[in-house]
Amino acid sequence: MNEIAQAVGGKILGSKTSKLLWIALIGFTFMAWRFVFGLGPVTGLNDGYPWGIWIAWDVVVGTALACGGYAVAILCYIMNKGKYHPLVRSAIVTSALGYSMAGLSIVIDVGRYWNLWKVVVFPGKWNFNSALLEVALCVMAYVIVLWIELSPAFLEKWKAGSPSALQKFAAKASPVVNKLLLPIIVLGLVLPTMHQSSLGSVMIVAMQKLSPIWHSPLLPLLFLISCIGMGFAIVVFESTLSCALLKRPQETHLLAGLGKAAIAIMTIWLILRFADLIWRDQLATAFNSGWLTFFWLLEMLTIILGILLLLKGRTNPATLFRAAMLLMFGGALYRFNTYLIGFNPGEGWHYFPSVPEFFITVGIIALEILLYIIIIRRLPILVGVHKHRRL
Amino acid sequence: MTLDRRSFLKTIGTTAALTAVGTAASAREHVEAPADAVGMLYDSTLCVGCRACMSACRTANGLEPLKEEGGIYDAPIDNNGHTKTIIRLLDDNGANAWIKNQCMHCIDPACVSVCMIGALKKDDHGIVTYDKDRCIGCRYCQLACPFNVPKFEWDSATPLIVKCEMCNHLVADGKQPACCDICPREAIIFGDYNDLLAEANRRIETEPDRYNPELFGDSEGGGTQVLYLAPKNISHQDLGLPDLDDQSIPELSETIQHGIYKGFVAPVALYAALGAVMIRNRRQGGER
């Protein structure tokens, strides 16, 4: 297999990709509405449910699904499995995009976005009791780290271009970036460890409001472990899909290894999840809480089924792909349950996302996919690309 | 292989251990009311539901009365972005009682604990105040508050968090909060927190047939600076107050957060450990 990353090529916007652009534009139109009229008229949010799908889905699930870069980096750099290196760059692209879109969602969601800069600029005012502050600072820093990690792809492209100021800049910047890369990569391992666990800690303060099926002192650990499992799953998903669409040879031999790692990680998660429920004496609650039980069972069963599929047939690309989707879904549901389904502020409060709220989320996802396609078409990201195949 | 596995386990182990430390660390110290604490005492048995307090609150805090469609004048069904206090009636099988809702000014408030750059703070008197210039509108305070007190201006493009600040602008001038000032029955009174505690207990002791023996706020949720007396045979939960332990709401979350991030040692140690592993891996040529 050709080990050098290449741009896929093709038009920046084809007929399919321009559809994505339209979906994104619809979302952005609703976004403008939100900024003019405030959050009330545009969303289903209220004083009982202050956080909706923009936080639960776009930020909490979105960043966990963007943990591919984190998971593969652990494998590559810490466990020293150099053979996974071909997967790193595309994993970093999905991570950089996923985290950037989460950042965008936060700007849309917070009411007083023009004060956001103060969070960065006034360290003297930081309230270290706030898990959310830790998340905010780490996520901002990690977005920067991810784009620096991705910058060699840009620099390689510019260096290879025709002589220009950009080419000169790329030639000069490359060695600097290469020197910086090691400490940056380490930062890229520490930051997700911090904020993915803190995303779990955020909900600990919801003492009475979050169902005991999900409320636990172990939330930070459970969030951290599951994000690594989801990271492996998303890399399998993304790689399988892009290989199929671009008619590149499947990287099953590599992906099966990720599947094996995911088995270990998610099994540890399952054991902890059950041990925690038993230790807190809430297993019975989990089984007789009406529709909460349904969501809990769905969460458990998708993850158990995902692990079983991986155990049975991870060398088969189709089985591997299905298992990855199950783990992504199960991990996403665990987060969604913790932030929304299991959250009950008291009698009389209801939340369901409004149509504009939903379209903004869909628009952001469309934009993310669109940017991914543009990046792999223009930048050397994927390995083993056949230039004549077009997405 | 053993090396790889060891370093992998080190990574997972370090973080697991750190979280465990957080969980196992001795709980953060119990917070007491400040020496100069002020408070309010609401006596449900005295309240007649005239809602003069709601009207006075609007005037004192510059809040516009609510004008609903159909000409209904100022009848909010809950505190909201325009309403900082409200009187409700419990009317359940003949049991009849009034309840006034506003910020409880917790001794150890969850909203203050979670607020990222300190828009919500406790002042010297223990009043929980709001500074809009430090608020980014993340609404974590709303999620954290067990009383659902902080409200958000959902219909504004430049929204604020709205909650009772015990008329701290009046208190600073030596006056008392507008609701306490106007109440014709002294159902809500303002004063030194410890005096109010003593007064509430005195009422329960002298008139056991009139009052529920439980005083709400002396210990619930770590204690609140607004205290509630309920009529005999009506529980505070019947009146809509949550059933809270004596542990304050942020005690567990802060214990865990402090355990993990104490002195910022853990993240630095993790950085150093991972950096060392990476450099060694690079030397061994595992990386391309």
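The structure is a predicted model, in which local features need pLDDT of at least 70 and side-chain atom pairs count only at pLDDT 80 or more, while totals for chains, interfaces and linings use all residues. Residues are numbered from 1 along each chain as its sequence is written, and chains are lettered from A and ligands numbered from 1 in the order in which they are written.

Chain B holds 9 helices and 9 strands; helices (H or I, at least four residues) and strands (E, at least two) are DSSP runs numbered from the N terminus. Of its 288 residues, 45% count as buried. A residue is buried if 20 or more other C-beta atoms lie within 10 Å of its own, exposed if 12 or fewer, and partly exposed in between, with C-beta atoms placed from the backbone. Two residues are in contact if their C-beta atoms, placed from the backbone, lie within 7 Å. Among contacts in chain B between residues at least 6 apart in sequence, 64% join residues at least 24 apart.

Strands pair if DSSP finds at least two bridges between them. S1(B) runs antiparallel to S8(B), to which 5 bridges join it, and Leu41(B) stands opposite Ile189(B) in S8(B). With S9(B), S1(B) pairs in the parallel sense over 4 bridges; there the bridge partner of Tyr42(B) is Tyr228(B).

Helix H7 (residues 193–206) of chain B packs its buried residues against S1, strand S8 (188–192) and strand S9 (226–229) of chain B. The helix has 14 residues and reaches 20 Å from its first C-alpha to its last, close to the 20 Å expected at 1.5 Å a residue, where the expected span is 1.5 Å times one less than the number of residues. Its buried residues are Tyr193(B), Leu196(B), Leu197(B) and Ala200(B). Seen down the axis of H7(B), these residues fall within an arc of 105 degrees, so they line one face of the helix; the arc is that of the directions from the helix axis to the C-beta atoms. On the other side of H7(B), Asn194(B), Ala198(B), Arg202(B), Glu205(B) and Thr206(B) are exposed.

The loop between H7 and S9 of chain B contains Tyr211(B) and Pro213(B). Tyr211(B) is buried, with 22 other C-beta atoms within 10 Å, whereas Pro213(B) is exposed, with 9 other C-beta atoms within 10 Å. Not counting residues up to four places away in sequence, Tyr211(B) touches Thr45(B), Arg203(B), Ile204(B), Leu229(B), Pro231(B) and Lys232(B).

Elsewhere in chain B, strand S2 (residues 86–92) and strand S3 (residues 95–101) run antiparallel and are joined by 7 bridges. In S3(B), the bridge partner of Asp91(B) is Asn96(B). The hairpin of S2(B) and S3(B) has 2 residues between the strands, and Asn93(B) takes a positive phi near 50 degrees.

Most residues other than glycine have a negative phi. Arg51(B), in the loop between strand S1 (38–43) and helix H2 (52–61) of chain B, has a positive phi of about 65 degrees although it is not a glycine. Arg51(B) counts as partly exposed, with 17 C-beta neighbours inside 10 Å. His105(B), also not a glycine, has a positive phi of about 50 degrees and lies in the loop between S3 and helix H3 (110–114) of chain B. With 28 C-beta neighbours inside 10 Å, His105(B) counts as buried.

Finally, the two chains meet: 57 residues of chain A are in contact with 56 residues of chain B. H8(A) gives the most to the side of chain A that touches chain B, with 9 residues. By class, that side has 37 nonpolar, 16 polar and 4 charged residues. Here Ala, Val, Leu, Ile, Met, Phe, Trp, Tyr, Cys and Pro count as nonpolar, Asp, Glu, Lys and Arg as charged, and the others, Gly among them, as polar.
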